[in-house]
Amino acid sequence: MPALDEGTPLFVQIAGQLADDIVDGQLAEGARVPSTNELAAFYRINPATAAKGINMLVDDGVLEKRRGIGMFVAAGAREHLLAMRRKLFAEQYVDPMVAEANRLGIDSDTLLSLVRGTSVSNGGKTQ
Amino acid sequence: MTPTISVTDLSRRYRDQAALAGVSLTVEPGTVTGLVGRNGAGKTTLLRIITGLEFPTAGEVKVFGAAPAENDAVLRRMVFVREEQAYPDFRVGHAIRVASWFYPNWSTELAEQLLADFELPLSRRIRRLSRGMRSAVGIVIGLAARAELTLFDEPYAGLDAVARQLFYDRLLADFAEHPRTIVLSTHLIDEVADLLEHVVLLDHGRVALDAPAEEIRGTAMTVTGPAIAVDEFVAGGRVWHRQRIASRASVVVPGPLDAAAQARARALHLSLEPLSLQQLLVHASGSAVEEKVSA
């Protein structure tokens, strides 16, 4: 998910931040996610907007409602989110990077070695 | 479901001046609606007619499906907090107690919490309070009433930013626990933008905009970059506003922009930024000139 900006609808941002927490493992599968009212109070937004964000993740199969108890992270949610994000990775990260490299006259070999250098300085970690 | 408020073709004239001219709108139950617009746009007049304090010259108002004027069954279900509300010469504690007799859903617990939050001195006479503290008394009553229809008309004269934030937080928390219909008239649009589910913009007594807040967010974009590229981008399209400095230009265009337009903007090295609700309303109020640009 790209950095959140003002142009992204609020409910999409709410969904995105919950999804980030699931991808990062801070919200484990089976964990209870904050209620609509808790999210509304925390982000200072209308509860209906928070509900819309939650419902977006329910529609994607990432969250599931357990009647009378609350909203929970569905089984397989993390894998599902990772698959969706990998699909968007080229479009959201690689394309703009290559476009900017072209603009600056950085050729593809230099670009590749920069990418390799960055992952080495990060200890070669892949997220 | 019956709308909480339904206004049809409403007009109100004062001598030769039209305060409201053919206003129609509905407010759905359980929503927070922002009533926004410049001073003199007709916000207060509209709220006064909705609360039965004033009669329309023409048109119809229904609240909970019935005419509000002199209709006790309707009026007891709403609370109206006015800008610079006048109070009898009571002490704060007394005014709150009196208010509690009028509202069937009154919460003493919430009132006490809010009185403490706003640090209101119970034994002080209201006319000896600062302007901000007087506004806080109105806010305490408006929230603790928990009326099915709660109307605030610029309720925060003299309140500082911290106290206003307190108001928004308490409003949101209590609304979440006890859903009701809230209408908030304000010109501090950006402060309340995220709290609103629906926005009605009045301009010179007419409805200039009536839409879900989420929909309004993408209605216009600022496009900034090299003037030549900006001109190329907007060629043939509608432009609400344009600004230029040296070789850079900035224009406001109606949105939302589709993926193709966004890609075109990226290719031209233009930056795109959505207008905030406040900026958008400035443009929608007609204070900006719309120009047609030809290629």
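The legends below describe close-up views of a predicted model. Residues are numbered from 1 along each chain as its sequence is written, and chains are lettered from A in the order in which they are written. Local features need pLDDT of at least 70 and side-chain atom pairs count only at pLDDT 80 or more, while totals for chains, interfaces and linings use all residues.

**View 1**
Chain A holds 5 helices and 2 strands, where helices (H or I, at least four residues) and strands (E, at least two) are DSSP runs numbered from the N terminus. From the N terminus on, their order is α-α-α-β-β-α-α. Of the 127 residues in chain A, 20% are buried (20 or more other C-beta atoms within 10 Å of the residue's own, C-beta atoms being placed from the backbone). Of the contacts in chain A between residues at least 6 apart in sequence, 54% join residues at least 24 apart; a contact requires C-beta atoms, placed from the backbone, within 7 Å.

**View 2. Packing of α1(A) on α3(A).**
Helix α1 (residues 10-23) and helix α3 (residues 47-59) of chain A pack at about 50°, their axes 8 Å apart. Axes are lines fitted to C-alpha atoms, for helices over the stretch in contact, and angles run from 0 to 180 degrees between N-to-C directions. On the α1(A) side the contact includes L10(A), F11(A) and I14(A), and on the α3(A) side M56(A) and L57(A) are among the residues. The contact residues divide into 9 nonpolar, 2 polar and 1 charged (nonpolar: Ala, Val, Leu, Ile, Met, Phe, Trp, Tyr, Cys and Pro; charged: Asp, Glu, Lys and Arg; polar: the others, Gly among them).

**View 3. The six-stranded sheet of chain B.**
An open sheet of 6 strands with mixed pairing has the order β5-β6-β7-β3-β8-β9 in chain B; strands pair if DSSP finds at least two bridges between them. Strands β5 (78-81) and β9 (206-212) stand at the edges with a single partner each, so one side of each has no neighbour in the sheet. Strand β8 (residues 198-203) and β9(B) pair in the antiparallel sense over 6 bridges. The bridge partner of D203(B) in β9(B) is R206(B).

**View 4. Contact between chains A and B.**
Chain B gives 15 residues to the contact and chain A gives 14. On the side of chain B that touches chain A, the largest share, 5 residues, comes from α6(B).

Key: Contact = placed C-beta atoms within 7 Å. Buried ≥ 20, exposed ≤ 12 C-beta atoms within 10 Å, placed from the backbone.
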